[in-house]
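The following paragraphs lead the reader through a structure, from its domains to a sheet and then to a metal site.

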Amino acid sequence: MNNIAPREQHQLAQESEPDLYPAELLRLAGYLCGKTVPPEALADEQALLGYAPPAMSAEQRQALSDVAALAASQRALKRQLARAESFLSGFAEHSPSPLWIKGRSGSYVMGNAALSGFFGVPTVVGMDDRHFWPEDVRQSLEEQDRAVLEHGETIKTMETSHDGTRHWLVHKFPIDVDGEPFLGGTAIDMTTEVEKERALIRHDNFYVLLSRLSAIISRAKTLEALCLDTCRVAAHQPGMDIVDISRVDDAGGTLKLFTSAARDGTEHQWRLDDDTSEADWFLPDLAGTAAATGRLQFSNDLHGGCERRHIASCMAIPLFVNSKCWGVISFYSHRPELFDHFYRDRAGELGNELSFGLERLINAQELFRLARTNALSGLPSRLHFDEAIAGLAAVNASGTVLLVNINRFDEISSAYGNTAAIGLMRQVAQRLKTEVAERMALSHVGIGRFALFYPVDEDRSPRRYARDTIIPLLEGSYQVDQQKIWCTVNVGAAMLPEDGTSADELLVKAWDALAGARAQDEQIGFYDRDADHALARQVSMEAELREAVERGEFVNYYQPKIDLKTGKLAGAEALVRWRHPIRGLIQPTEFVPVLERSGLVTEVGRRVMQRAMEDWRAWYDEGLMPPQIAVNVAPAQFRCDTLFDDIERALNTAEAHMTPLSIEVTESSLVSDHRRVIDTLTRVRNLDVPVAIDDFGTGYSSLAYLVTLPVDVLKIDRSFVMKMAQDAGYMGLVSTIVSLAHNLDLKVVAEGIETEEESKLLKLLRCEQGQGYLYGRPVPAEEFAKLLRR
Ligand code: C2E
Ligand code: MG
Ligand code: MG
């Protein structure tokens, strides 16, 4: 007993009540010394040896020293233990995270303040989970505890509070105390981290959705594709289960499902005329409110509202097209409370993005439709016909283009009024629409004109179709408003591909055929590839020009005149163009001679002059500085007494502070009755309107004679300008004309300058002004205004 090994003693110290141990040592010391030894004797070796009897053997003295050493080491151990205990309890008590130890029975043998605070009890020691958790939670906890206690597993889990607002990282680990298993546990509050991470993920997901959406928008060609793709992508967003888009029914104003997609891959698409657009997830009330108020709608707690699909929360975002509610996109989730402030703050962005895509497509479709629809009749337009023929030509189709023309439509218009004429045209269109098969590409190609394509494989010939179907269908009387209007039609025909492969070519030829037939009092004409159409065209052109005057199909183009010295704008020439309803823009060289022959030129010239001054005034009012505008006056118009009135009226329109108008006359106007010519020229110049001799040098009369007339300007003809650079003789001629003119105080304008070289030469010859493609082609009034703005 007196030589207990220190190791065994240490064990003793661990196992037995530490306070007993000094008593044992005291007894041992007393036994060795042979008398009672007081406890303080154990405090140090010298003191203890002081109690040794003198006769003590060296061995016993050594044993007494050992007792003293043992006492010292025990004291040290006790201090260490106490320190360790304080450290541990300090940690445990101040740890914000709950810490606990459970015994095998499941009751807590230790729990820190954070744990008791969590459970709201003064201490958890002696209690078990039955005190704290509902049955289902307790069971799962017990299962985990068993795995730790019985199998020594370490368990790490994320636990979330019942209301989902708090999250803990829980560690459970085995603690073996001399073969007895205990369970240690810690719970670290991760709520902030979890929420931050979730917010980040949601944020990312949301912007991924937005960027996918913009990709869909830029790709989508149809509304269906845009909406279905959007639903598809959105339904695969985390948290979402079904996404649908419903649209406001134009007719009833109610919402109807349009497209939907679910996470499980099911998709639907409804047609607008579908009445079965009811779905077991659709929340018409919520979507309806979104549409009616134009505001986002949320429902986060749909207990049983959509039981069949287990929908627990929903968000409905209104979609706008051209400032009107077009529909609603609705997101459905099985998760309750999914649509929190995060979505409230951002759903608008999503709605805007999708609305933008919808608006873009719808407007493009509308433009497409409008461009391909004639506004008066609602029939497909000329553009549509162009495309249809191009499509047919591309597949090598053959057949006949039939052009149907309402006869004397402008006369009907002036006799019965514009409204009645349009009413008649609508009825004609309606009759054609009901009769003509869809594949025939019926289109409304001009005022009172319709075209269709009659395929070669129809059982009747195109002539019989026109004669037996179209003409009887359209001819006869129409009741328009209170009036009965009698109507006849003509039909012209041209063949694809023999007569042309574009609508333009075919319609022009069908028109020639129609005009040719009309000239011979026929109702139907086929384009004759071999015949010379010049005459027929001219005959028909005259008739057409009359209609064109009625309809005001002429427009003014303006070509700049440049001061050759400064390079600045010095004037403009008004040049007439004909906007033919079928043939497009026609140049004056083609129709002015016909106008002259038919006597229509006076009327047209008057309008050109009047329009030129109206344009001048408009430019001036806009704050631009319009230059003087030269108007061509044809010989017939020059001889006509109304010329002065026309000029005065035009000048009154311009109300200008300077001379806004000049006229150009050709040699043929100036050669006949000398006195009268001089008289007219003088009167015009008295109105402060300068006169130019146009195309100077091309006629047969003596130049010397011409320059003596009271005129202000010579316009050197284009042919001289063209040849001048190559031919020295012409150069000499131009030089002579310029000095001749200058000697007589006339200004010189050179026409048709196309190259820099021509321009330089004319400048050297001291020609004042130049006009030509080099400086600018004739352009419509709006274009010319742009030039003035520069
Ligand atoms: P013009 O009065 O001698 O007009 C000049 C013609 O030359 C214009 O042809 C013009 O476009 C063209 N031109 C101008 N610069 C160049 C160029 O650099 N190169 C080429 N190759 N041509 C150039 P446009 O407009 O076809 O008119 C032809 C003619 O028709 C005019 O010749 C004029 O005699 C007559 N015309 C045009 N408008 C009217 C009008 O309102 N009334 C009358 N009575 N005749 C008109
Ligand atoms: Mg001219
Ligand atoms: Mg000319």
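What distance separates the centres of domain 3 and domain 5? Taken over C-alpha atoms, these centres lie 66 Å apart. The model is predicted, so local features need pLDDT of at least 70 and side-chain atom pairs pLDDT 80 or more, while totals for chains, interfaces and linings use all residues. Residues are numbered from 1 along each chain as its sequence is written, chains are lettered from A and ligands numbered from 1 in the order written, and side-chain values use heavy atoms, without hydrogens and water. The domain assignment, which is automatic or from a database, includes domain 2 (95-189), domain 3 (194-362) and domain 5 (539-789).

Strands (E, at least two residues) and helices (H or I, at least four) are DSSP runs numbered from the N terminus, and two strands pair if DSSP finds at least two bridges between them. Strands β4 (residues 167-177) and β5 (residues 180-189) are joined by ten bridges; W168 has D189 in β5 as its bridge partner.

The magnesium ion (ligand 3) is coordinated by D694, D695 and E751 at 1.9 to 2.4 Å; donors are N, O and S atoms within 2.8 Å of the metal (3.2 Å for Na, K and Ca), and water is not among the atoms, so sites may look incomplete. D694 also bridges to the magnesium ion (ligand 2), 4.2 Å from ligand 3. D694 is buried at 7% relative accessibility, whereas D695 is partly exposed at 27% (buried is under 20%, exposed over 50%, partly exposed in between, with a 1.4 Å probe and protein chains only).
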